[in-house]
Amino acid sequence: MQIMRSHTIPGIKFCLRLAAVLTFVLMLQTSLCAQENYFVTYSHQLEEPGNLEIAAKSITGAPKGGNPFVATALEFEYGINGWWTAELYLDGQTTFNESTLFTGFRIENRIRPFMREHWINPVLYFEFEDLNSADKALLEVVGHDTNEDLAGRNSRAEKEREVELKLILSSNFKGWNVSENFIAEKNLGPSSWEFGYAVGTSRPLALKVSPRACNFCRENFALGAEMYGGLGERHSFGLSETSHYFGPIVTWDIPAGPSVQISPNFGLNRNSSGFLLRFMLTYEIDQFVSKLRGEQ
Amino acid sequence: MKFPARYCWFVLLFLVGIAFAGAGDGGWLNKVPEKARIRPNPVADDLDAAAAGAKVYAKNCAACHGENAEGKLQRGHYRPNLHSNRVKQATPGELFWLLTNGSLRNGMPSWSHFPEPERWQLVSYLKSLH
């Protein structure tokens, strides 16, 4: 009972703060223009300078041998300039029959080294994360991450302070985006490097925009797919004892509203969870700082 | 407090990233390759192209350049007036190149994630302003 109370009260405070932030967001004029195409994979598309994107990336599943859970990463992405985007993630999760927890934060930066568009566009990604072992947001899979990480009982005992580097390669061609991410992650404690990958492709249903206003035009929808998984560790590099997932993605950009994305993910081997459902709601605030300053 | 030596290379990697970013090309209209400059607008004959481009503009560009493309001063940076002679004299190919590559150092993002026909529709709208 004591444990339940200690988890519930911070949870309510967190929800109230979240509600206050979302109310503030809804009061501002929002639009959508730079939403990511994927849940795990990054493309070379950065946030527009001055824009703030707020997204709730959620995942739910019922892992073998564990309780069902819903985990959410609340993302604040800001375009510092044309070649640099910074993000803050706040992670939390609820595991049924266990508890609701705030599981930590991530700070990340994405930098475009080349100022022009090329056939393949690299982006350098740096992240610091301070999470506990209860985190289930699954924003990447690295090393020997398996279904057991999702099935374990909620515990904040183990702290994971990690740095993560990604090489993002991305191309746009005839409406298609194709992106490949190579991931290297290291716990700042004594542990070895872990590796992973994510690849994705997506395309809008229409390549031209219709002149009339509409919510359900083909141009507002995009279809895609992504695959991600672990590649072992420095001393055990490879596919052995790793987990992998594949999922189609449907995106609906509601004009003058949020963007909604949904993706059923399927585990591809016995180390993976059989089925996970991802969903995301994204708002973008144009020229956030200028609006705060009252500039027209 | 001593900074652990093993973290130094993370800092180094970050600084290399910054240095590469600073080494990029910030020029735009005068940097457009000749091949891109002379590209014709494939939707020039489409009567709906400018109206569709106006929709794209309102959703993605008006926050910086103004609802009527009149330009804005934001965070100490001037966002250009698109009724200017520079835009008027630019070829469709030059405008398309700028939309594709952006001018990242000057705050103009790349819109390469928009499909090509959509970018050409936006070019049609920009040309319809003159």
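Colleague: How many residues does the contact take from chain A and from chain B?

Modeller: This is a predicted model: local features need pLDDT of at least 70, side-chain atom pairs count only at pLDDT 80 or more, and totals for chains, interfaces and linings use all residues. Residues are numbered from 1 along each chain as its sequence is written, with chains lettered from A and ligands numbered from 1 in the order written. Two residues are in contact if their C-beta atoms, placed from the backbone, lie within 7 Å. The contact takes 34 residues from chain A and 34 residues from chain B.

Colleague: Which elements give two or more residues to the side of chain A that touches chain B?

Modeller: Helices (H or I, at least four residues) and strands (E, at least two) are DSSP runs, numbered from the N terminus. The elements are strand S6 (121-132), strand S7 (159-173) and helix H3 (288-293) of chain A.

Colleague: How many helices and strands are there in chain A?

Modeller: Of the 296 residues of chain A, 45% count as buried. Buried means 20 or more other C-beta atoms within 10 Å of the residue's own, with C-beta atoms placed from the backbone. Chain A has three helices and 14 strands.

Colleague: What do the buried residues of H6(B) pack against?

Modeller: Helix H6 (residues 92-101) of chain B is mostly covered, with eight of its 10 residues buried. Among them are Leu95(B), Phe96(B) and Trp97(B). They pack against helix H2 (34-37) and helix H7 (116-128) of chain B.

Colleague: Which residue just after H6(B) takes a positive phi?

Modeller: The buried residues of H6(B) include Asn101(B). Just after H6(B), a positive phi of about 70° belongs to Gly102(B).

Definitions and conventions:
Buried ≥ 20, exposed ≤ 12 C-beta atoms within 10 Å, placed from the backbone.
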